[in-house]
Amino acid sequence: MSGLYDDSVGVEVSSDSFWEVGNYKRTVKRIDDGHRLCNDLMNCIHERARIEKVYAQQLTEWAKRWKQLVEKGPQYGTVERAWCAFMSEAEKVSELHLEVKGSLMNEDFEKIKNWQKEAFHKQMMGGFKETKEAEDGFRKAQKPWAKKLKEVEAAKKAYHAACKEEKLAISRETNSKADPALNPEQLKKLQDKVERSKQDVLKTKEKYEKSLKELDNATPQYMENMEQVFEQCQQFEEKRLRFFREVLLEVQKHLDLSNAASYKNIYRELEQNIKTADAVEDLRWFRANQGPGMSMNWPQFEEWSADLNRTLSRREKKKASDGVTLTGINQTGDQASQPNKHSSSLSVQSNTVQSVQSSYNPFEDEEDTGSTVSEKEDNKIKNVSSYEKNQSYPTDWSDEESNNPFSSTDANGDTNPFDEDASPAMEVRVRALYDYEGQEQDELSFKAGDELTKMENEDEQGWCKGRLDNGQVGLYPANYVEPIQ
């Protein structure tokens, strides 16, 4: 028996057996544990659903980011499509995991919640109806047997006390016989006490045996009643266990994507897309679109025509401009009949200042004329800060001459229209606004913040002549500097 003491019957127990008084409470507690386990399982499924959702979102974000990087990157052709197939796979898998999340919450979670509500009924005073019924059933089945057990324990205690008293009386009588100081009357009293002790032992033993026999006779009925209540609890627990097994199998089906046909198709399609990557095909495409296979408008002899726009000089091509220069413009119709139309700079101006470097044909003569006005394709972007790139800097020059490239400001024709020299001016100290890298030998190079001396005013192409502090003299863009106040 367990050594516990149940206040309802007042019987000591000294073992951990179910049959001991009060030990049925573990079975009753299992009902409350069943309700708590339902909550635990719902929390478990809810956390897994949240993980599925987060994973799906991360897959989508990853696919979106890397799809943009690959499409904007240098990879091309069939290998690019094979690479992008991984992003398509991620998007499709993300959708499947969102479906898993929906199944876990809308089906499994709700199923457990509804079953718990039907299986456990809360009472107004707290606790569950099923727990109280089991508690009352066990208490009722155990009460008669516990009462007889209490009588047995009391009889046993009385019997053991009588035996102890008898032993003590016999010991005193034996010692008194060896003591000559005791008179016969005292000795007689000790003998009488021994007799009474023996009679008490007999009486308590008889009562103890009788109560124990009655307890034995009540035990079968007690066990039957307890078994009946316990079986009811077992049936209730069996329903919960079977339900949990059913739910766990459904969760497993929802989580197991390996058996889903759509999941298999995703990776079958991914494998096919990767296998379609063809290095030979990609190399052939690059050769045709970016290499020697590209078509070329080879230079041919063209007669000079006054209707064609003049060709910009190399110095004019080098001028800082943020526009897009149009090429091959032929004036026809009304356009050719407008003598005041400014056509020296065939460019569309924008609000951002960029400096470009013209990559010119080394076989082209600076003063040659042609039928097209074109800006060289390999422009080099100058070093301009992000703040300066967002500012608008209007050009300080304009070409007011007519369509005739040979027009002269002197009516007598004494001046050279191709002379780039400007009239001399007083030297002025200026400060560089931007970095500039000289592209030809007669150009200066400087950094933003450097100071230099302007020697001549701006010419019609927007260039100034200046001198660095180290004595180097050369040209620079006029709108790259500002006067020092």
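This report covers the nonpolar cores, a surface patch and a strand hairpin of a predicted model.

Residues are numbered from 1 along each chain as its sequence is written. Local features need pLDDT of at least 70, side-chain atom pairs count only at pLDDT 80 or more, and totals for chains, interfaces and linings use all residues, while side-chain values use heavy atoms, without hydrogens and water.

**Cores**

The largest nonpolar core has 52 residues. Such a core joins buried Ala, Val, Leu, Ile, Met, Phe, Trp, Tyr and Cys residues through side-chain atoms within 4.5 Å; buried means under 20% relative accessible area (1.4 Å probe, protein chains only). Among the members that touch the most others are Ile-45, Ile-112, Phe-120 and Val-247. Helices are DSSP runs of H or I, at least four residues, and strands are runs of E, at least two.

H4 gives the most, with 13 residues. A second, separate core has 15 residues, including Val-430 and Leu-444.

**Surface patch**

Trp-62, Trp-66, Leu-69, Trp-83, Phe-86 and Ile-274 make a nonpolar patch of about 550 Å². H1 gives the most to this patch, with three residues. Trp-83 lies in helix H2. Trp-83 counts as partly exposed because its relative accessibility is 39%, and that class runs between the buried limit and exposed, over 50%.

**Hairpin**

Strands S6 (residues 451-456) and S7 (residues 463-467) run antiparallel, joined by three bridges. Thr-453 stands opposite Arg-467. Six residues lie between the strands, and Gly-462 takes a positive phi near 90°.

Note on methods: Patch = residues over 30% accessible without salt bridge, like charges linked within 9 Å, V, L, I, M, F, W, Y side chains within 5 Å. Areas by Shrake-Rupley, 256 points an atom, 1.4 Å probe, with all protein chains shown as cover. Salt bridge = Lys/Arg side-chain N within 4 Å of Asp/Glu carboxyl O. Pairing = 2+ DSSP bridges.
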